[in-house]
Amino acid sequence: MDGFTDGDFEALFAQSQGGQTIDVEVVSDEQHSQIDSPFQPLTEVELAEKQRLEAVIIGAVWSAGKALQQLRDQKLYRDTHTSFERYCREQFGHSRQSDYLIAGANIYENLTTNRCEILPTTEFQVRPLGVLENSDQVVAWEKAVEIANGKVPTHRIVKQVVREMTRDEKDNPFELGEVVGIMSLDNPDLKGKNGCWAIVTGLSKNTCDLQTWDSELEGVEIEFLQELEYTEEDCQTIQKLHGRISRLQKGSELEGTAKGVLRLLGKIERPYLTPLEEEMLKLVEKVYG
């Protein structure tokens, strides 16, 4: 088809459409990405307001830690409770988290006092620093920031830096409240627990005390545990799941089917329930709750 030009093609196409031409809008890559994106851009005013509100929330985390420390140190709970732990649990719905907030606020204060340019935005990011002296906290944080390319480092990065500074390969890498996986291998004490998740409730150099979905295990050697690298929110989700399971076990005697559902949930390999699993648990709670 020598000599067949673009104009000839357009004329031929127009004839095939009954002499009518069709306007075609060409969408750029940038426009296409905007169409596909589920996000909506903010105006400069909205972005500034978002950043202001985020700063308020971040500041509230450290303020809460300092407030909790004053309540504890001055024993301002003593008019209603005999212990700070029980006060926090009944007043705020948690006790261990209060300890984390107090420690986090002190670490944050240490980093600001030493004029660190990049500062943490959550308590979870600095939690691994709690085992270090104040001067080492600053060193570890700055190294973590460097690894994160000058940005706020994640919990995982900070934890790895602290681990390199404080332990050899045989020391315990786990933390209180962390969710781990159990590998029973040839350990007869862990029979039936392979693949179960467990919450770390106690630590020694080479062992962990654990809370599984149905029992407490003491002195489990770290070689039988697997790091799941769950976030703080993930760990809290599993802790809440354990609370729901525990309440059911403390109630009336469960039938085999109900126990089977709970056993299944005690071995989930993710920090959430599928819709079907949630419905199954709700049904058991409805029957036995």
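Residues count as buried under 20% relative accessible area, as exposed over 50%, and as partly exposed in between (1.4 Å probe, protein chains only). The structure is a predicted model, in which local features need pLDDT of at least 70 and side-chain atom pairs pLDDT 80 or more, while totals for chains, interfaces and linings use all residues. Residues are numbered from 1 along each chain as its sequence is written, and side-chain values use heavy atoms, with hydrogens and water left out.

**View 1. The protein chain comprises 11 helices and five strands.** Helices (H or I, at least four residues) and strands (E, at least two) are DSSP runs numbered from the N terminus. Of the 289 residues in the chain, 36% are buried. Among contacts (heavy atoms within 4.5 Å) with a separation of 6 or more, 55% link residues 24 or more positions apart.

**View 2. The largest pocket holds about 1200 Å³ of space.** A pocket is an open set of points on a 1 Å grid over the protein atoms alone, where a 1.4 Å probe fits, with protein on both sides within 12 Å along at least five of seven lines; lining residues have an atom within 4 Å of a point. Volumes are the space filled by probe spheres set on the points, which are joined across faces, edges and corners.

**View 3. The second largest pocket holds about 450 Å³ of space.** Its lining numbers 18 residues, of which Pro128, Val131, Asn172, Phe174 and Glu175 are the closest to the centre. Helix α8 gives the most to this lining, with four residues.

**View 4. Glu178 occupies the loop between α8 and β1 (179–182).** Because its relative accessible area is 9%, Glu178 is classed as buried. Polar contacts are pairs of N or O atoms within 3.5 Å; within protein, one atom must be able to donate a hydrogen and the other to accept it, and residues adjacent in sequence count only if both atoms are side-chain atoms. The side chain of Glu178 reaches the backbone nitrogen of Glu175 at 3.0 Å. Beyond four places in sequence, Glu178 touches Lys159, Pro173, Ala198, Ile199, Val200, Glu227 and Cys235.

**View 5. Lys193 lies in the loop between β1 and β2.** Lys193 has a relative accessibility of 11% and therefore counts as buried. Its side chain makes a polar contact of 2.5 Å with the side chain of Asp214, and another of 3.1 Å with that of Ser215. When residues up to four places away in sequence are set aside, Lys193 touches Ile182, Thr212, Asp214, Ser215 and Leu217.

**View 6. Helix α4 (residues 84–92) has Phe84, Tyr87 and Cys88 as its buried residues.** They lie on the same side of α4, because they cover an arc of only 95° around the axis. The arc is taken from the directions from the helix axis to the C-beta atoms. The cover over these buried residues includes α3 (44–73) and α5. Just after α4, Gly93 adopts a positive phi of about 85°.

**View 7. Leu281 sits in helix α11 (residues 275–288).** With a relative accessibility of 0%, Leu281 counts as buried. Its contacts, apart from neighbours within four places in sequence, are Leu241, Arg244, Leu248, Leu262, Leu265 and Leu273. Between Leu281 and Ala258, 23 residues apart in sequence, the C-alpha to C-alpha distance is 8.7 Å.

**View 8. Lys75 and Arg115 have positive phi values although neither is a glycine.** Most residues other than glycine have a negative phi. Lys75, in the loop between α3 and α4, has a phi of about 55°. Its relative accessible area is 48%, so Lys75 is partly exposed. Arg115, in the loop between α5 and α6, has a phi near 60°. Its relative accessibility is 74%, so Arg115 counts as exposed.
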